[in-house]
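Here is a short note to read beside the model. Please keep the sequence in view as you go.

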Amino acid sequence: AAVAAARFLALTGWRSGEALELRWADIDVVRRTATLPNTKTGRSVRPLSRAACDVLRSLSRSGEDKLVFPATRGDGHMAGFRKLWNRIAKLGELPPDVMPHVLRHSFASLAGDLEYSEPTIAALVGHKGRTSTSRYMHAADAVLLAAADAVANRTAALMSRNKGAIEVIPFKRKSA
């Protein structure tokens with residue numbers, strides 16, 4: 001679940017807490033949206049790229065009220081994500097200063113490099129500053145979905161550069 005969460009963060013630009021709090025009931029894969037009831041900026045409807053939806057489809061769905069990225073032990077939240085992230089980053093040979101929030105900055109920067117407007121980037125990553133009308137919208141429009149796809153596809157290509165297909169490295173449990 002931690003590897004899937006890290007990949008999801010890279011493909012969405014979300015805050016790590018938003019992804020780790022995500023419940024299956026909040027996701028509409030058909031419309032490719034997620035409705036986050038309580039983010040740093042309040043309720044937020046986010047577009048989901050096809051790549052992010054693929055990550056979600058790869059996970060076992062245990063119930064609508066269940067977390068998408070649960071703890072590996074028990075039913076609660078993934079409280080140890082920071083340690084798991086450190087292992088993922090080390091195995092991926094990332095610099096030690098690359099933390100999950102850097103993925104958010106990278107996503108937004110890449111969207112800027114692809115020449116998306118500031119309001120589009122804000123909608124992708126859930127920044128406040130939306131219009132009153134946007135607060136009443138409950139689905140992502142085609143432009144936002146296309147932008148989410150473009151940025152996620154570019155992110156996936158950069159992550160797999162010089163490696164062919166993206167390789168998932170399973171964690172080995174430590175002996176007690």
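1. Is Leu 48 buried or exposed? Leu 48 is buried, because its relative accessible area is 0%. Buried means under 20% relative accessible area, exposed over 50%, partly exposed in between (1.4 Å probe, protein chains only).

2. A word on the basis. This is a predicted model, where local features need pLDDT of at least 70 and side-chain atom pairs count only at pLDDT 80 or more, while totals for chains, interfaces and linings use all residues. Residues are numbered from 1 along each chain as its sequence is written, and side-chain values use heavy atoms, with hydrogens and water left out.

3. The protein has seven helices and three strands. Helices (H or I, at least four residues) and strands (E, at least two) are DSSP runs, numbered from the N terminus. The order is α-α-β-β-β-α-α-α-α-α. Of the 176 residues, 40% count as buried.

4. Leu 48 sits in the loop between β3 (42-47) and α3. Its contacts (heavy atoms within 4.5 Å), leaving aside neighbours within four places in sequence, include Phe 8, Trp 14, Ile 27 and Leu 145. Thr 12 is 36 residues away in sequence, yet 7.1 Å away C-alpha to C-alpha.

5. The largest nonpolar core has 34 residues, and Phe 8, Trp 14, Leu 48 and Phe 69 touch the most other members. Such a core is a set of buried Ala, Val, Leu, Ile, Met, Phe, Trp, Tyr and Cys residues joined through side-chain atoms within 4.5 Å. α1 gives the most to this core, eight residues. A second, separate core of eleven residues includes Phe 107 and Val 125.
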